[in-house]
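Take a look at the structure below. The report that follows goes through it topic by topic.

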Protein chains: 2
Amino acid sequence: MPKTATAPKPATGPGRPRDAEVDRKALQAAIELYAELGWAKFTLDAVARRAGIGKAAIYRRWPARDRLVADAMKAALLPPEAVIDTGTLREDLRALARSTMDHYLGPYGLAGLRLHVEARAHPGLFAELAGGIRHTRALQARAIVRHAIARGELGEQASPALILDTLLGGLLTHVLATPEEPRPEMTARSSRHVEDITAFVLTAAIAIYPPAG
Amino acid sequence: MPKTATAPKPATGPGRPRDAEVDRKALQAAIELYAELGWAKFTLDAVARRAGIGKAAIYRRWPARDRLVADAMKAALLPPEAVIDTGTLREDLRALARSTMDHYLGPYGLAGLRLHVEARAHPGLFAELAGGIRHTRALQARAIVRHAIARGELGEQASPALILDTLLGGLLTHVLATPEEPRPEMTARSSRHVEDITAFVLTAAIAIYPPAG
């Protein structure tokens with residue numbers, strides 16, 4: 001049968017399977033509750049209440065809470081594997097900073113922060129997921145630096161670690177260090193901050209890893 | 001009565017008041033449990049069990065769990081107010097990076113990370129404490145940059161925010177991004193990493209905020 005004839009049913013709208021809607025509600029409630037409560041207090045019953053669906057539906061699909069929280073985090077937190085490749089180091093770093101800032105300020109930023117904190121408290125539980133997120137980010141980072149070396153913007157010895165740690169960590173610290181009250185203001189000013197931190201890190205990267213010649 | 005005759009009893013050793021020992025055990029158990037479980041699951045009963053002391057003693061001293069967790073975090077997490085002032089910007093940044101790394105790798109690093117994550121989920125509860133930690137850090141940061149400007153190492157327009165966000169955030173990201181397995185190795189290599197990130201941030205700071213003339 002030709003591919004066009006077997007297109008999957010749309011994920012939304014009438015006619016979608018009942019299970020997909022239950023799954024969507026459960027995953028959404030799970031990531032919200034995890035962000036608010038953390039792992040220790042996370043229960044399948046609370047997810048059922050928040051999602052407004054029956055406990056039986058949740059337990060049938062996810063017999064244990066660790067599978068549900070893992071699925072919810074995979075759906076919400078795994079960064080897209082798309083490689084950032086704009087053609088210049090400055091624009092690549094800016095695009096990465098922008099998407100990272102959007103994530104921290106968005107609905108799943110708090111869940112992502114919790115995951116990395118709780119991966120230290122419960123390594124057996126969250127190590128695989130945290131490792132997957134780290135791996136995807138590391139691939140993005142290495143690609144950006146490798147392309148910059150190939151274009152002659154950075155020297156051969158440039159290491160992605162310091163460039164990415166200071167850029168992404170600087171954004172994280174900025175978000176964490178801003179008290180709740182002025183957060184709407186911070187969101188509005190975030191474009192300016194993305195520009196400033198990108199320029200700061202780019203300057204250091206070029207000075208520390210100068211291109212040959 | 002002269003001051004020497006009224007010296008307080010030592011905090012350890014025989015003869016110390018019973019209450020001080022109970023307090024010490026309770027605060028220690030509280031910070032450990034908070035680091036492991038987070039706020040949602042934190043209970044006074046669990047603290048009593050972990051500390052090996054009676055519930056009544058805990059409840060008499062801290063009728064509500066929010067007071068106990070606040071006292072425990074104040075004792076463990078509030079950074080010393082001592083100003084870092086070594087005489088050069090490089091050494092000041094290195095000393096700040098070293099003490100920050102030691103905190104993250106130490107017994108209370110996880111509790112501190114949780115606090116800043118949960119201050120977003122429960123601003124009413126943790127805002128004052130997180131604000132106090134932020135305020136002390138901001139004072140340290142501003143003093144380091146102000147001294148560097150006065151010595152002519154940075155230009156008048158130098159802002160502490162980007163310098164400190166990238167230095168401290170870069171360390172945080174490095175610690176969070178390291179999987180559990182090689183953590184002992186990371187601890188051993190942390191001196192090297194403190195040097196590298198200090199040099200990276202210092203280079204950017206001087207290039208972005210050059211001294212006049």
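How much area is buried between chain A and chain B, and what share of it do carbon and sulfur atoms give?

## The interface

This is a predicted model. The area buried between chain A and chain B is about 4,000 Å². Carbon and sulfur atoms give 69% of that area. On the chain A side, three residues lose the most area to chain B: A:Val117, A:Arg120 and A:Phe200. Together they make up 21% of what that side buries.

## Charged and polar pairs

Side chains of opposite charge can pair when their charged atoms come close. Across the interface of chain A and chain B there are 2 salt bridges. A salt bridge joins the side chains of A:Arg114 and B:Glu118, with N to O at 2.6 Å. Polar contacts also link the chains: 6 residue pairs are counted between chain A and chain B, with both residues at pLDDT 80 or more.

## Two copies, one rotation

Chain A can be superposed on chain B by a rotation of 180°, with 0.0 Å of shift along the axis. The RMSD is 0.0 Å. The two copies are therefore related as by a two-fold rotation axis. The same surface serves both copies, as 100% of the contact residues of chain A recur in chain B.

## Salt bridges within a chain

Over all chains, the count comes to 25 salt bridges. One of the pairs lies in chain B: B:Glu32 with B:Arg50. Their closest N and O atoms are 2.9 Å apart. This pair links distant parts of the chain, 18 residues apart. B:Glu32 sits in helix α1 (residues 18–37) of chain B, and B:Arg50 in helix α2 (residues 44–51) of chain B.

## An annotated region

An unreviewed UniProt entry places the feature "DNA-binding region" at residues 43–62 of chain A. How much of this stretch is helix, and how much is strand? Residues 43–62 of chain A are 75% helix and 0% strand. The end C-alpha atoms of the stretch are 11 Å apart.

Key: Residues are numbered from 1 along each chain as its sequence is written. Chains are lettered from A and ligands numbered from 1 in the order in which they are written. This is a predicted model: local features need pLDDT of at least 70, side-chain atom pairs count only at pLDDT 80 or more; totals for chains, interfaces and linings use all residues. Side-chain values use heavy atoms; hydrogens and water are left out. Buried area is the accessible area (1.4 Å probe) that two parts lose on being put together, summed over both. A salt bridge is a side-chain nitrogen of Lys or Arg within 4 Å of a carboxyl oxygen of Asp or Glu. A polar contact is a pair of N or O atoms within 3.5 Å; within protein, one must be able to donate a hydrogen and the other to accept it, and residues adjacent in sequence count only if both atoms are side-chain atoms. Copies are superposed by least squares on the C-alpha atoms of residues with pLDDT of at least 70 in both. Contact means heavy atoms within 4.5 Å. UniProt positions are given in the numbering used here, feature names are shortened, and annotations may be inferred rather than shown by experiment. Helices (H or I, at least four residues) and strands (E, at least two) are DSSP runs, numbered from the N terminus.
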